[in-house]
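This report goes through the fold, the salt bridges, the strand pairing and the nonpolar cores of one protein. The sequence and the model come first.

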Amino acid sequence: MVELLKPVRGGFLRPFGCGWFIREYLLGRSPDGSPAIDPDTGAPQADIFYHYKMALMRATALDRAARAEEKRARREKRSIDPANIEKLAEKYLARMPYKAWGCRFHSFIVYFSNLQRLDWVEPAGKEEPSSFQQHYPPGPPRRYFRLTKVGREAGDKAWANPHAALYGKD
């Protein structure tokens with residue numbers, strides 16, 4: 001199968017897609033440096049969202065650092081030093097604002113609800129109280145979600161565009 005390097009028209013360029021990350025994370029494969037979870041227990045939406053954004057930031061910082069080190073090594077006529085790439089990646093990551101990368105939480109919740117409608121994710125049955133600030137009434141519990149059998153069997157193309165899988169449009 002030939003994979004095109006040119007992005008399709010529209011959308012955002014990301015190192016990896018949100019659907020792919022959610023599937024890999026809920027399978028317990030710890031994608032792009034995120035922590036491994038138990039696939040049977042699952043994870044709350046807020047945790048999945050946080051680790052998705054952090055993985056995006058790490059991947060972007062590493063890509064920028066590699067390009068900068070390649071350019072610098074070419075200019076100085078020397079070989080690429082992986083230690084320089086790591087230092088630059090840490091520097092870039094420290095300067096990246098959290099809110100500037102990936103989607104906002106509301107968009108993620110809407111995306112995640114499409115996965116629930118497709119029956120790809122389901123509540124795992126585990127809940128824990130949310131930790132709001134002291135002067136607020138108790139909030140809704142944090143529900144853990146896991147992949148269903150249908151979600152595990154869904155193909156890469158469907159996970160790349162759950163909206164199309166849900167509504168049958170491309």
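A residue counts as buried when its relative accessible area is under 20%, as exposed when it is over 50%, and as partly exposed in between. With a relative accessible area of 0%, E69 is therefore buried. The model in which this is seen is a predicted one.

## Overall layout

The protein has seven helices and three strands. Read from the N terminus, the order of the elements is α-β-α-α-α-β-β-α-α-α. Along the principal axes, the C-alpha atoms fill a box of roughly 60 × 50 × 30 Å. The protein has 170 residues, of which 34% count as buried. Of the contacts with a separation of 6 or more, 64% are between residues 24 or more positions apart.

## Salt bridges

Side chains of opposite charge can pair when their charged atoms come close. Over the whole structure, 11 salt bridges are found. Three of them are set out here.

| Salt bridge | Closest N to O | Relative accessible area |
|---|---|---|
| R23 and D156 | 2.8 Å | R23 10%; D156 56% |
| R67 and D63 | 3.0 Å | R67 48%; D63 41% |

What does the salt bridge between R23 and D156 tie together? R23 forms a salt bridge with D156. R23 belongs to helix α1 (residues 18-26) and D156 to helix α6 (residues 156-160), so the pair ties together parts that are 133 residues apart in sequence. R23 is buried at 10% relative accessible area, whereas D156 is exposed at 56%. A network of salt bridges links R23 and D156 with E24 and R29.

An α-helix has 3.6 residues a turn, so residues three or four places apart point the same way. R67 is partly exposed, with a relative accessible area of 48%, and D63 is partly exposed as well, at 41%.

## Helix α3

Helix α3 takes in residues 82-95, 14 residues that should span 20 Å at 1.5 Å a residue; the C-alpha atoms at its ends are 20 Å apart, so the two values agree. Which residues of α3 are buried? They are I85, L88, A89 and Y92. These residues cover an arc of only 105° around the axis, which means that they sit on the same side of α3. K87, E90 and A94 are on the other side of α3 and are exposed. Helix α2 (45-76) is among the parts that cover the buried residues of α3.

## Strand pairing

Strand β3 pairs with both of the strands described here. Strand β1 (residues 43-44) runs antiparallel to β3 and is joined to β3 by two bridges. A43 has F145 in β3 as its bridge partner. Strand β2 (residues 121-128) also pairs with β3 in the antiparallel sense, over five bridges. For V121, the bridge partner in β3 is L147.

## Nonpolar cores

The largest nonpolar core has 25 residues, and I22, L26, I48 and F112 have the most contacts inside it. Two or more residues of this core come from each of α1, α2, α4 (105-117) and β3 (142-147). Which element gives the most to this core? It is α2, with six residues.

L26 shows which parts of the chain meet here. With its neighbours within four places in sequence left aside, L26 is in contact with I37, P39, G42, A43, I48, V121, F145, R146 and L147. Among these contacts of L26 are A43 and F145, which are bridge partners, and V121 and L147, which are bridge partners too.

A second, separate core has 10 residues, including M57, A65, L88 and A89. L88 and A89 are also among the buried residues of α3.

Key: Residues are numbered from 1 along each chain as its sequence is written. This is a predicted model: local features need pLDDT of at least 70, side-chain atom pairs count only at pLDDT 80 or more; totals for chains, interfaces and linings use all residues. Side-chain values use heavy atoms; hydrogens and water are left out. Helices (H or I, at least four residues) and strands (E, at least two) are DSSP runs, numbered from the N terminus. The expected span of a helix is 1.5 Å times one less than its number of residues. Buried means under 20% relative accessible area, exposed over 50%, partly exposed in between (1.4 Å probe, protein chains only). The arc is that of the directions from the helix axis to the C-beta atoms. Contact means heavy atoms within 4.5 Å. A salt bridge is a side-chain nitrogen of Lys or Arg within 4 Å of a carboxyl oxygen of Asp or Glu. A nonpolar core is a set of buried Ala, Val, Leu, Ile, Met, Phe, Trp, Tyr and Cys residues joined through side-chain atoms within 4.5 Å. Two strands pair if DSSP finds at least two bridges between them.
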